[in-house]
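Work through the exercises below with the model open beside the text. Try each task before reading its solution.

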Amino acid sequence: MKKLKRKVLIILTAFVVTVSSPIFLSSVHAEEAITKSTVGEMKAAALNQKLIVSVKGKTVSLTMKDLSKMPLDLYGDNGIFRDAVVTDMGLLGTFFQKIEKKAGDSMRLKAETKVSIVTAIQQTVVKGTTDDLVFSLTEDHFEKTKEEKKEEKHEEKQPAEERPNVLSVLPPEIAPAYQIQGSCTTSFKGSTANRKKNIAIAAANLNGLVLEPGASFSVSEQFKPRTSANGYRTAGTYEAGKIVQAMGGGICQASSTTYNAAMNSGLTILERHQHSMPVHYLPLGLDAAISSGSKDLKIRNDYAFPVVFEAYTKGNNLTVNVYTDQLQMNGYSFRFHSVKKGSLSAKSYLEISKDGRVTEDRFVASSKYMPLSE
């Protein structure tokens with residue numbers, strides 16, 4: 001019978017080693033190392049043993065074979081090794097970068113998190129264990145980049161601004177009847193300063209839009225061309241199954257938030273495209289990708305009265321509201337939601353209620369995604 005390989009889950013709740021330099025030692029040795037070796041030599045019988053790191057539901061992994069050339073200093077007595085020290089971290093550099101990419105563009109692993117991962121490698125070398133090493137990381141194991149900290153500090157110094165009354169665009173005789181019909185708020189916490197800026201610009205371009213009865217609009221056009229002249233910056237975006245840097249990266253969060261607010265207000269969607277890969281700010285099936293010349297989100301107002309869009313950022317959140325004439329809504333309300341049909345697929349539905357009672361849960365779309373690339 002084939003022996004099942006176990007995994008050892010290592011939960012990093014506290015750190016016993018704190019360093020400020022990139023030197024990773026399991027202990028401090030005054031004596032000379034007994035011998036020099038490599039991970040490959042010490043783990044020759046378990047080269048398929050994995051090191052797996054999970055962050056935000058995504059995983060990054062490698063095997064001891066991948067680290068086979070990593071040099072070690074071995075310590076002990078009478079030929080029995082009691083300790084191993086990694087003397088060159090070069091082979092783990094790319095691995096750590098992949099972990100940080102999963103956590104977010106502006107996040108970096110804390111030094112003590114790296115220490116704990118390296119210590120686990122050193123211990124499995126000495127003890128000869130063969131179980132996979134599994135780390136489950138949270139936000140506490142990361143720190144923000146200097147650029148992100150500087151941006152946040154700058155934002156904290158800015159005085160709070162009152163949002164102008166978006167309904168001032170309506171004739172004064174009908175404005176009092178308008179209230180928020182549909183809304184959506186998404187978080188961009190952990191995004192780079194450039195990505196945050198792009199989202200804020202897109203929101204400002206949408207804010208105050210009045211959509212007349214029977215009229216439709218292109219969200220991509222409303223956000224304006226993604227150029228530096230329009231204030232946009234370079235940030236991460238999806239392209240051909242990978243995350244690349246492009247002008248206006250991040251505005252798909254603005255289009256997706258707009259999509260949900262429009263659905264929650266009962267507006268008609270003429271065109272919508274899913275992303276190639278899942279997004280972190282909304283459940284599967286509720287996103288809407290835009291790309292100049294190829295993908296757009298188009299919305300039509302089938303009500304007998306105008307609707308007003310409000311969009312703004314506050315802190316680390318983006319909010320889009322849609323205002324309608326409550327006197328003419330006749331007690332109708334809407335809730336856009338999705339149901340996962342697998343790890344990379346979902347079906348979306350629009351729940352329709354009349355006077356607080358659900359009358360229909362209408363199928364909207366099926367969405368299938370590719371896995372996030374390493």
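Two strands pair if DSSP finds at least two bridges between them. Helices (H or I, at least four residues) and strands (E, at least two) are DSSP runs, numbered from the N terminus. The model is predicted: local features need pLDDT of at least 70, side-chain atom pairs count only at pLDDT 80 or more, and totals for chains, interfaces and linings use all residues. Residues are numbered from 1 along each chain as its sequence is written, and side-chain values use heavy atoms, with hydrogens and water left out.

**Exercise 1.** State the strand order of the open sheet of three strands.

Solution.
- The order is β2-β5-β6, and the pairing is antiparallel.
- β2 (35-38) and β6 (80-86) are the edge strands, since each pairs on one side only.
- Four bridges join β2 to β5 (residues 71-77); in β5, P71 is the bridge partner of T38.

**Exercise 2.** Find which strands helix α3 touches.

Solution.
- Contact means heavy atoms within 4.5 Å.
- Helix α3 (residues 111-127) packs on the sheet and touches β5 and β6.

**Exercise 3.** Is R195 buried or exposed?

Solution.
- Buried means under 20% relative accessible area, exposed over 50%, partly exposed in between (1.4 Å probe, protein chains only).
- R195 has a relative accessible area of 9%, so R195 is buried.
- R195 lies in helix α5 (residues 193-206).
- Not counting residues up to four places away in sequence, R195 touches F188, A235, G249, G250, Q253, H280 and Y281.

Technical notes. Axes are lines fitted to C-alpha atoms, for helices over the stretch in contact, and angles run from 0 to 180 degrees between N-to-C directions.
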